[in-house]
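Please keep the sequence and the structure in view while reading.

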Amino acid sequence: MTAEPTVTAATPAPGADYAATASAAYRSALQVIESVEPRVAAATRKELADQRDSLKLIASENYASPAVLLTMGTWFSDKYAEGTVGHRFYAACQNVDTVESLAAEHARELFGAPYAYAQPHSGIDANLVAYWAILATRVEAPGLAELGAKHVNDLSEQDWETLRGKLGNQRLMGMSLDTGGHLTHGFRPNISGKMFHQRSYGTDPETGLLDYAAIAAAAREFKPLVLVAGYSAYPRRVNFAKMREIADEVGATLMVDMAHFAGLVAGKVFTGEEDPVPYAHVTTTTTHKSLRGPRGGLVLATKEYSDAVDKGCPMVLGGPLSHVMAAKAVALAEARQPEFQSYAQAVADNAKALADGFLKRGGRLVTGGTDNHLVLLDVTSFGLTGRQAESALLDAGIVTNRNAIPADPNGAWYTSGIRLGTPALTTRGFGADEFDRVAELVVEVLTNTQPTAASSGPSKAKYTLADGTAERVHAGAAEMLAANPLYPGLTL
Ligand code: PLP
């Protein structure tokens, strides 16, 4: 049985005329590109064809609307605008002011935030702006006051060294990488782990769920300046009221990184204590994942932190990507439409259907299921590493990414899990029945994949896929992909 598509397309005003107009725009653009570097035009065409022909299940990816994509290809790219709205270090920024103000206004309205900053180029930049805004507010400003100075440039060399020492000697607590946290939450390979003393909280080893009492106990002992909530690979919701309670008790600033689930917040699937914005002092996000906008970042803040966040440039950033800020304004305007709420609900419903599809076929899921947009499948029950599973699935046209599971015996490179998310295929119109079929196809690939030994011992990367599997699965996916076209009506 084929389900009714839940949501049809990632366009604010779908229809034949819209598709025809977008097609004409892209055809002209590709002709212009072709006249300079035909190989780039060819790769651009091929990227659309590849995305149209595969089951995109990467939990952090989506398909932005043609309106969002087209907004990025303009002369705003050519403009420098260091500074902030109305206070730039460059001349002639009046139109950048307009689009940056619009992006911030839509973000404030959509998320109910007192303040929004649209300049970060990415999620990592948004987190850096947030960390330094917290350090500026909680360490630098009181340090300056203590020394009777107004500005860091007024300090003697010695006082500046003392203050720099304090800035670099603060503590941060976030979710561990193997239970779903992100590298920017204080891990050594990332600058956040070099800036802060870091301690992780994990999940309950039995249930895989966050244990707020354990987090509170760890926070009481460690006394972080910054408590980070948010994740890249945790398949459950978070109670932000409880996280704020913990932060308040130990005097920490609560920073929530909602990069993955911002679309579910925008779409009012996460409300009340599951909505981070009323509870966090500072909230960061990417704009390109479940929020379905351009590749970029965003910071929301309470009044207490807004002045420091507003100084993201020059603190952490240089010239903003004005063309991307314009596209953020368009995407956030789309997310304020009622259709986006239906989309977000479908993303969550479809994740449940995908999880149920795995469970009924014997799949093992971290936490036993999902109540957000992603599932984490433990592939050790198929005798595979995450790396083998990811590669075999890709051979069959299913795009996922390998991911560590809690206490992963295969480490962060080979891993024991694959992470699958529903935002992208839900944008194409996939519903619960299609996601059940997706689970069936994934299981078919994994049960037909055998790990193979490398010449020098066991390999965590090599595998063989039984003959005919890739073709069968491709054919099964092709039917669903054809019934739910990506950018319907768009022809190059
Ligand atoms: N924060 C979280 C929770 C993420 O999952 C990611 C990306 O995967 C980021 C931050 C970084 O985003 P970006 O790749 O845009 O820098």
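A residue is called buried when its relative accessible area is under 20%, exposed when that value is over 50%, and partly exposed in between. The model discussed here is a predicted one.

By this criterion Gly181 is buried, because its relative accessible area is 7%. Gly181 belongs to the loop that runs between β5 (170–175) and α7 (191–195). When neighbours within four places in sequence are left aside, the contacts of Gly181 are Met175, Ser176 and Ser232.

Leu183 is found in the loop between β5 and α7. With a relative accessible area of 36%, Leu183 is therefore classed as partly exposed. Not counting residues up to four places away in sequence, Leu183 touches Leu177, Pro189, Asn190 and Ser192. An unreviewed UniProt entry assigns the feature "binding site" to Leu177, Gly181, His182 and Leu183.

In the unreviewed UniProt entry, the annotation "domain: Serine hydroxymethyltransferase-like" covers residues 34–138 and 170–441. Residues 34–138 are 56% helix and 9% strand, and the C-alpha atoms at the ends of this span are 52 Å apart. For residues 170–441, the corresponding content is 40% helix and 18% strand, with the end C-alpha atoms 48 Å apart.

Attention may now turn to the ligand. The ligand is surrounded by 13 residues, of which Gly123, Ile124, Ser232, Asp257 and Lys289 are the closest. Helix α5 (residues 123–146) supplies the largest share of this shell, namely three residues.

A polar backbone atom of Gly123 is 2.8 Å from an oxygen atom of the ligand. In the side chain of Asp257, an N or O atom is 2.6 Å from a nitrogen atom of the ligand. The side chain of Lys289 likewise has an N or O atom 2.8 Å from a ligand oxygen atom. On its own the ligand has 390 Å² of accessible area, and the protein covers 82% of it.

Thr469 lies in helix α19 (residues 469–483). Thr469 is buried, because its relative accessible area is 0%. Apart from neighbours within four places in sequence, Thr469 is in contact with Glu444, Val445 and Asn448.

Note on methods. Residues numbered from 1 in each chain as written. Predicted model: local features only at pLDDT ≥ 70, side-chain atom pairs only at ≥ 80, totals over all residues. Heavy atoms only, no water. UniProt positions renumbered as here; feature names shortened; annotations may be inferred. Helix = DSSP H or I, 4+ residues; strand = E, 2+ residues; numbered from the N terminus. Buried < 20%, exposed > 50% of the residue type's maximum accessible area, 1.4 Å probe, protein only. Contact = heavy atoms within 4.5 Å. Near = heavy atom within 4 Å. Polar contact = N/O pair within 3.5 Å; in protein donor to acceptor, adjacent residues only side chain to side chain. Areas by Shrake-Rupley, 256 points an atom, 1.4 Å probe, with all protein chains shown as cover.
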